[in-house]
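Subject: The two-chain model, over to you

Hi,

Here is the structure I promised to pass on. Have it open while you read, and I'll walk you through what turned up.

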Amino acid sequence: MKRKKKYKFDVFTGIMFVLVSFYVLCLLYLFFWGFLTAVKDEWDFVLDRNVLGFPNKAYGWKFSNFRRAIGLFPLQIKGDNYASFYQQFLYSFLYAFGVTVCSVFAKVFVAYACAKYEFKLKGALITINIIFMVLPIVGGTPSAIQMMRRIHIFDTYIGILFKNCCYHGMYFLIFYGTFKGLANGYSEAAQLDGAGHFSIFFKINIPLVANTILSVFILIFIGAWNTYEEPMMFLPSMPTVAYGLMVFSENSLNANAPSLMCGAYMICLPIIVIFCIFHKRIMGNLTVGGIKG
Amino acid sequence: MNGSEKQFEKNIKRKKRGFDWQKHLFLVAIMIVPLSAFVFFEIICNINSILLAMKTFDDTKGDFFWAHPLGKNFAEVWRVFKMDGILITSIKNSLFGFVMSILLMPISVFISYAITEKVPLFGFYKIILFIPSILCTMAVATIGKNALTYLLPKILNNPGLEDALMDERQFISIWGFATFWGIAGNMVLCLGAMSGVSIDLKEYAQIDGLGRFGVLLHVVFPAIYPTLSTFAVVTLVSAFTSSGMSFVFFTDRLSREAYTLGYYLFMQTYKTRTSYAIYPYAAAVGICYTFVAAPLTLGLRAVLEKMGPKEE
């Protein structure tokens, strides 16, 4: 029978444990309070000032607040066109999925080319990537909007996908390192059997790095789902739920705390589901990368 | 000759010809879109940004024309900096945020160290502490705004705090919540770095008589120093580039006293959604920021590298 190793406490460890426990308790209490607020009646929270307690028995637990919040989410796009909550959810998914696919495969393609082939631009591509990671080039958004308008891809789905096809960034270096570490034996064996470059890439090398691709895909998807700046600035006719929540909270007529909390929790739900399924992969890769995806 | 031998012969002949068109076709096919996007959005757009900063928008003609003088927009940035006071306030607030982020980093280091040292319930704590890193900032700001307005005044039994987000305490309220939430995000950074520290090194240090605090100070801290210095550089850059929680809390209704550099720049960009006239000024602000942020970033990186622990 395995004996459980007794944890050795000293003063410093005791202080660490208390600090961590206090912080985690604060976070948990904040999440719990947010949920309690979401299921309170508006009168219960605002007028009766029942801020801390459980929902008052007279009003009950108002899970219908979530349905009500969905009804308050519609967002005006152009003229008389409105995007409902479900449309915003769909736009968020389309944006996050499309942007992630383009971003991941742009980096994979260029990283593979740089890792496995010799060509003139190879050194320059890697150096430029490092320069752009180190040097903060700020405030290019107005220029990007103007240029996209000029070639008529502003406020289009294709336009935002093209914008996210840039190869540079931290994940390019991760893929470059991964492909560099792959033995050439498989590719050479496939070449001898008559496989062309496309077959070697898609049928041999991509499956070998599928694990890394999946991990990066999940991290970038979470980041893309959560972002509001880029879709707000470059794709205003396809508002995401994050932007919808921002506009919802600005609307003082509907912006009571229970409704807002419902909106916030509904946006977080898909990410929580993804986290529950892939938490080991997400936590493992976030710690390796050390930076939020 | 079988199939593979025939293919091998073909490959040899192709190499002897000196131009492998299949290889080049493949490289062009897989790289044309990523490189086109890079050239368009990073090279062309940044060059256009410099040119845009020297232009002005003519409402009557509906187009951009060269400004007279060319540096008119940069002069306007300088005028706002000297006369308006908003940029000075932004600099002060950003500097405060940057310094406090560095000073409060040890909290994240302690928490990460506690997780690495596998304190009781560390597995559960690790999962909870990861969640802030993956949640939507807009949703977090919604929870934060309501917590600051309703929860905190009730817990501290101080009704006067209900207006903290509306008066001169606005900046400190937003900063406080962002810092509280950011501790978990910084922990993710530190955990990644600490996972690379050899267990053997820690054990040797403990055998030499160091306690956990001593191991943290003399073994772990030097090992994670590159990560901490990267964090410092990234925090400095984000002071210029990120609107942080300010925009998600208040969009365009933040009071002037709570402006930061990142928020000021983002507001110029935000206004371009409705008006072409602001494009040149916004581009000029971005270029000024770049000329300030780039040397500061490289300088800070050089100083931190010099200050860092040496191998011996």
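Glu230(A) and Lys163(A) are both buried, where buried means under 20% relative accessible area, exposed means over 50%, and partly exposed is in between (1.4 Å probe, protein chains only). Their side chains meet in a salt bridge, with 3.1 Å from N to O. By salt bridge I mean a side-chain nitrogen of Lys or Arg within 4 Å of a carboxyl oxygen of Asp or Glu. Glu230(A) sits in helix α12 of chain A and Lys163(A) in helix α7 (residues 157-163) of chain A, so this pair ties together parts that are 67 residues apart in sequence. Helices (H or I, at least four residues) and strands (E, at least two) are DSSP runs, numbered from the N terminus.

Before going on, some ground rules: this is a predicted model, where local features need pLDDT of at least 70 and side-chain atom pairs count only at pLDDT 80 or more, while totals for chains, interfaces and linings use all residues. Residues are numbered from 1 along each chain as its sequence is written, chains are lettered from A and ligands numbered from 1 in the order in which they are written, and side-chain values use heavy atoms, with hydrogens and water left out.

Back to the salt bridges. Side chains of opposite charge can pair when their charged atoms come close. Over all chains the count comes to eight salt bridges. Another one in chain A joins the side chains of Lys122(A) and Glu118(A), at 3.1 Å from N to O.

Chain B has a salt bridge between the side chains of Arg212(B) and Glu117(B), at 2.9 Å from N to O. Arg212(B) belongs to helix α9 (residues 212-241) of chain B and Glu117(B) to the loop between α4 (86-116) and α5 (122-134) of chain B, so the pair ties together parts 95 residues apart in sequence. Both Arg212(B) and Glu117(B) are buried.

Next, the place where the chains touch. Contact means heavy atoms within 4.5 Å, and 106 residues from chain B and 94 residues from chain A take part. The size of an interface is often given as the accessible area lost when the parts come together. Here the buried area, which is the accessible area (1.4 Å probe) that two parts lose on being put together, summed over both, is about 9,200 Å², and carbon and sulfur atoms give 77% of it. How many salt bridges are there between chain B and chain A? The count is zero. On the side of chain B that touches chain A, helix α2 (residues 21-52) of chain B supplies the largest share, 22 residues.

Now for a hairpin in chain B. Strand β1 (residues 55-58) and strand β2 (residues 63-66) of chain B pair in the antiparallel sense over four bridges; two strands pair if DSSP finds at least two bridges between them. Thr56(B) has Phe65(B) in β2(B) as its bridge partner. Four residues lie between β1(B) and β2(B), and Gly62(B) in the turn has a positive phi of about 70°. In a regular strand the side chains alternate between the two faces of the sheet. In β1(B), Lys55(B) and Phe57(B) make up the covered face, and Thr56(B) and Asp58(B) the uncovered one.

The peptide bond from His68(B) to Pro69(B) is cis, with omega near -5°, and Pro69(B) lies in the loop between β2 and α3 (72-84) of chain B. Leu121(B) has a phi near 70°, a positive value in a residue other than glycine, and Leu121(B) counts as exposed because its relative accessibility is 52%. Asn157(B), not a glycine either, has a positive phi of about 55°.
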